[in-house]
Amino acid sequence: MGAEAEHRACPSPSPLGRTDAAPTVLGLQLSALIDHVARVDWSLLDRIPGDRGGSQQVCIEELNHILAEVNAQILPSRDELSPIRTIAGGSVANTIRGLSAGFGIPTGIIGACGDDSQGDLFVSNMSFSGVDLTRLRTKKGHTAQCACLVDASGNRTMRPCLSSAVKLQANEFTKEDFKGSKWLVVRYASQNMEQIQEAIRIAKQEGLLVSLDLASFEMVRDYRRQLIDLLETGNIDLCFANEDEAREIIGGEVAFDPKEAVGFLGKYCKWAVVTLASKGCIAKHGKQVVEVAATGERKAVDATGAGDLFASGFLYGLVKGLPLEECCKVGACSGGSVVRALGGEVRPENWQWMYKQMNATGLLLPCPLSQQA
């Protein structure tokens, strides 16, 4: 059945359990991660190391200091719920969870979590969202954590603590982890290149397509050569970059043309996408280039996860065989849904908001797994 014939209203998806079939989309998150998300004053951001708005790793002592500062100075939450959220996090987990919970796409995650309360929380949250965790290994040790600090404008500053966390190693991957799946979702990380390259190698042997997120502008700026080397392998089928990351990939100039960036990435990837926050996105597939506006007029409560959920919607479109422009429009809807509340997990009422946006523009609505062919 063609994409046009499938534009129909379906019941809203709900978290679904694992089936015997391999997940359509796998996420590679070597270390399970717990996000501590809070709205904070700008003055607090000035007192912690690193650039405001970016992502920079910290040690456990620095993380504990930041969380202590946050607890001492928390802004009231705009939605009148708890001003701090502790949830399963990480870019890949956000994307995978969104595909499962919001779009009904079978997903799984490959990685490791600690045998601690944070690991239990990660498992509980991802399982509730219908993510297959049979490829998630439990190891003795700590689960990674991240302070996600959101300012009054909804912009987020990330300070992950990964150094003491358990992690999946390159020699632990098996072909069975990847067999039968269609996509592997990866986040660029210079410190994990051995594992990333090995996972991509096996994924390609098993016929999977690979999606790469560029992580942060600091990661691209500091390890650009490694990133180019990875792109030049020809193994990256889809690449996502936000505006800051795109700027760094083509040289770091303050004034830059997103079309130049998407063209640069398009030399290496079948699909290239540059997200532009409130300005929407620009995407390239072959010779086709499309620009799509952002969805939703409401000011962002928290930009955490906007790019991750955009990726969920875009991948949903690719899995369903939608044209490039429609993939972008679905991504704009899902990215717009997560910024309506604190944290990188879409709340049920905001999934409903997304379905209404999709329905209004004639986009293919998700169906529960039991109704998918």
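**Entry 1. Salt bridges**

The model is predicted, with local features requiring pLDDT of at least 70 and side-chain atom pairs counted only at pLDDT 80 or more, whereas totals for chains, interfaces and linings use all residues. Residues are numbered from 1 along each chain as its sequence is written, and side-chain values use heavy atoms, with hydrogens and water left out.

R47 and E69 form a salt bridge whose closest N and O atoms are 2.7 Å apart. The pair links distant parts of the chain, 22 residues apart: R47 is in the loop between helix 1 (42–45) and helix 2 (60–72), and E69 is in helix 2. Helices (H or I, at least four residues) and strands (E, at least two) are DSSP runs, numbered from the N terminus. I noted R47 as partly exposed, because its relative accessibility is 45%; buried means under 20% relative accessible area, exposed over 50%, and partly exposed in between (1.4 Å probe, protein chains only). E69 also counts as partly exposed, at 22%.

E243 and K279 form a salt bridge with the closest N and O atoms 3.3 Å apart. E243 belongs to helix 9, and K279 to the loop between strand 11 (271–275) and strand 12 (281–285), 36 residues apart. I found E243 partly exposed at 21% relative accessible area, and K279 exposed at 53%.

For K259 and E291, the closest N and O atoms of the salt bridge are 3.4 Å apart. K259 lies in helix 10 and E291 in strand 13 (residues 288–292), so the pair ties together parts that are 32 residues apart in sequence. K259 is partly exposed at 47%, while E291 is exposed at 54%.

**Entry 2. Chain totals**

I recorded 13 helices and 13 strands in the chain. Of its 373 residues, 55% count as buried. Among contacts (heavy atoms within 4.5 Å) with a separation of 6 or more, residues 24 or more positions apart account for 78%.

**Entry 3. Nonpolar cores**

Which residues have the most contacts inside the largest nonpolar core? They are F122, L238, F314 and M358, in a core of 52 residues. A nonpolar core is a set of buried Ala, Val, Leu, Ile, Met, Phe, Trp, Tyr and Cys residues joined through side-chain atoms within 4.5 Å. Helix 11 gives the most to this core, with 7 residues. A second, separate core has 44 residues, including I110, F173, I196 and L208.

I followed F122 further. Residues up to four places away in sequence aside, F122 touches Q29, A32, L33, I34, A88, G89, A93, I109 and L136.

**Entry 4. Cavities**

I counted 2 cavities of 30 Å³ or more. On a 1 Å grid over the protein atoms alone, a cavity is a set of points where a 1.4 Å probe fits but cannot get out, and lining residues have an atom within 4 Å of a point. Grid points are joined across faces, edges and corners, and a volume is the space filled by probe spheres set on the points.

The largest cavity holds about 60 Å³ of space. Its lining consists of S91, V92, T95, V185, R187, S211, D213, F240, D308 and A311. Two or more of these residues come from each of helix 3 (91–103), strand 8 (183–187), strand 9 (209–213) and helix 11 (306–319). Helix 3 gives the most, with 3 residues. I sorted the lining into 4 nonpolar, 3 polar and 3 charged residues; Ala, Val, Leu, Ile, Met, Phe, Trp, Tyr, Cys and Pro count as nonpolar, Asp, Glu, Lys and Arg as charged, and the others, Gly among them, as polar.

**Entry 5. Loop residues**

I located I250 in the loop between helix 9 (243–249) and helix 10 (258–266). Its C-alpha atom is separated by 7.5 Å from that of F264, 14 residues apart along the chain. Neighbours within four places in sequence aside, I250 is in contact with R224, F256, D257, E260, A261 and F264.

A215 has phi near 80° and lies in the loop between strand 9 and helix 7 (217–222). A277 has phi of about 55° and lies in the loop between strand 11 and strand 12. Are these alanines buried or exposed? A215 counts as buried, at 10% relative accessibility, whereas A277 is exposed, at 65%.

Conventions:
On a 1 Å grid over the protein atoms alone, a cavity is a set of points where a 1.4 Å probe fits but cannot get out, and a pocket is an open set with protein on both sides within 12 Å along at least five of seven lines; lining residues have an atom within 4 Å of a point. A salt bridge is a side-chain nitrogen of Lys or Arg within 4 Å of a carboxyl oxygen of Asp or Glu.
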